[in-house]
Amino acid sequence: MDALPRRFPARLNDRLSVCLDLFYDLMIQLELEFAERLDADRLARALRLALDAEPILGCRLVEGWLRSHWERLDEADLGRLLVTESEDEYEAFKVTSLDPHTGPQLKACLWRAADGDRLLFKVTDIVTDGGGFKEAVAMVSGLYARLADDPDHRPEPNLQGSRSAWQVLRRMPWWAVPRSLLDLLRDLWFAVARPTHHGLPIDDGPRTPLTFLVRELEADRIARLAAWGRARDATLNDLLVAGVFRALAAEGNWDGQAQLRLAMTIDLRRYLPSGRGAAIANLSAVALAWPCLGTELGADFPATLARVAEITRYRKGRGLGLTESLAVAFVAPLPHAWARGIFRHVWRQQVEQHNHQPALTNMGPIDPDTVTFGTRPQAARLLPPPGYPPGFLAGLSGYDGSLTLSAGVYPTQREIMGRFLDRVLAELPE
């Protein structure tokens with residue numbers, strides 16, 4: 001294999017994602033629980049080869065005033081799989097941030113627990129999003145299987161695959177562009193005319209220690225909820241969003257005047273024929289005005305659900321996520337330092353006015369076949385980037401029919417976020 005390039009361009013997705021480090025600890029994690037032992041040496045080799053197969057994962061981010069770029073790490077700096085028999089060491093790894101400026105962008109820890117192995121991957125939410133993260137872990141899983149038969153296997157590096165969102169936007173029909181621009185102007189108008197968001201009363205505070213709160217919904221209940229939603233022309237995601245809105249209103253003591261609005265991520269891979277990007281990349285858009293109930297919560301859960309489902313169907317029909325993708329294109333010509341300055345100004349305003357928009361990310365289902373390391377995991381979950389107080393970010397993921405609702409929290413968030421997550425589940429129909 002030829003030597004890898006030492007430098008890769010940072011795409012617009014990368015440059016904007018890193019600006020969010022004011023709001024979130026930009027790491028996503030995938031936790032797998034096995035009943036059996038994994039081959040630690042083979043796993044370490046598969047992880048190392050993945051940093052060559054997708055070279056961007058073996059880089060560090062170099063931010064510049066005008067533009068930024070990725071720089072390939074030396075072999076000694078690529079890191080190794082952490083193997084431990086200590087639960088404390090495993091949990092310490094879980095709450096340790098990933099520095100994109102140091103790299104690598106993908107790391108893992110294997111905990112030899114008494115009742116089976118626990119495997120935790122983490123990636124920076126700058127180099128990729130939840131969808132790309134699942135692709136990266138699937139690649140490690142595939143390499144792990146390949147090395148069992150061919151210990152000398154070395155993958156061909158993906159040097160030609162695009163990491164740009166243009167691979168999605170170029171598929172957008174010309175007639176949809178004016179419509180999306182009108183949607184963008186409407187969303188901006190509502191953001192200016194009705195700027196007050198309803199959130200949770202979280203105080204600003206320290207960013208340590210970090211704890212992850214996890215709530216699980218078993219597969220049988222998820223099946224019942226999905227069937228209940230289908231009978232009302234609503235998706236499972238609609239049900240969870242409706243539960244989030246009602247929990248926000250209850251736990252945040254909604255006054256009936258502030259806007260009920262969520263910031264949500266949208267995986268743009270839905271518009272690609274294969275459902276996968278050409279390379280590991282952040283191909284998500286952030287919708288700041290969807291879903292928005294305004295001040296119309298509804299008298300009960302079915303009423304809230306009907307409103308959420310109606311809004312979602314409308315936005316899906318107009319190209320969900322494409323409007324937001326066009327919006328970030330306007331930032332492209334700006335020097336990187338100016339873009340950072342804009343995000344910094346927004347953060348200061350939100351803190352001063354205590355006007356943080358609640359955020360939710362649905363990271364989607366985890367395919368059991370893509371996380372098999374000689375044996376299928378008994379359980380799997382994605383953990384979202386922790387949101388810094390006074391804001392927060394909750395995350396959803398699914399595995400083998402079950403669903404996980406989780407959040408990374410700091411001291412001022414822990415108590416109220418625990419109540420909030422419990423309330424979301426309590427709002428769902430039995």
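This is a predicted model: local features need pLDDT of at least 70, side-chain atom pairs count only at pLDDT 80 or more; totals for chains, interfaces and linings use all residues.
Let's begin with S7, which spans residues 116-124. How many of the residues of strand S7 are buried? The count is 9 of the 9, so S7 is largely enclosed by the rest of the structure.

Strand S2, residues 27-33, runs antiparallel to S7 and is joined to it by 7 bridges. Strand S6, residues 106-113, is also antiparallel to S7, with 8 bridges between them. S6 and S7 form a hairpin, and 2 residues lie between these strands.

Now let's move to strand S4, residues 69-72, where we find Arg72. Is Arg72 buried or exposed? With a relative accessible area of 5%, Arg72 falls under the 20% cut-off, so this arginine counts as buried.

What does the side chain of Arg72 meet there? A polar contact of 2.5 Å links the side chain of Arg72 to that of Asp52. A polar atom of the Arg72 side chain also lies 2.9 Å from the backbone oxygen of Pro55. Leaving aside residues up to four places away in sequence, Arg72 touches Asp52 and Pro55, along with Leu4, Pro5, Arg6, Arg48, Leu51, Gly58, Cys59 and Leu78.

Conventions: Residues are numbered from 1 along each chain as its sequence is written. Side-chain values use heavy atoms; hydrogens and water are left out. Buried means under 20% relative accessible area, exposed over 50%, partly exposed in between (1.4 Å probe, protein chains only). Helices (H or I, at least four residues) and strands (E, at least two) are DSSP runs, numbered from the N terminus. Two strands pair if DSSP finds at least two bridges between them. A polar contact is a pair of N or O atoms within 3.5 Å; within protein, one must be able to donate a hydrogen and the other to accept it, and residues adjacent in sequence count only if both atoms are side-chain atoms. Contact means heavy atoms within 4.5 Å.
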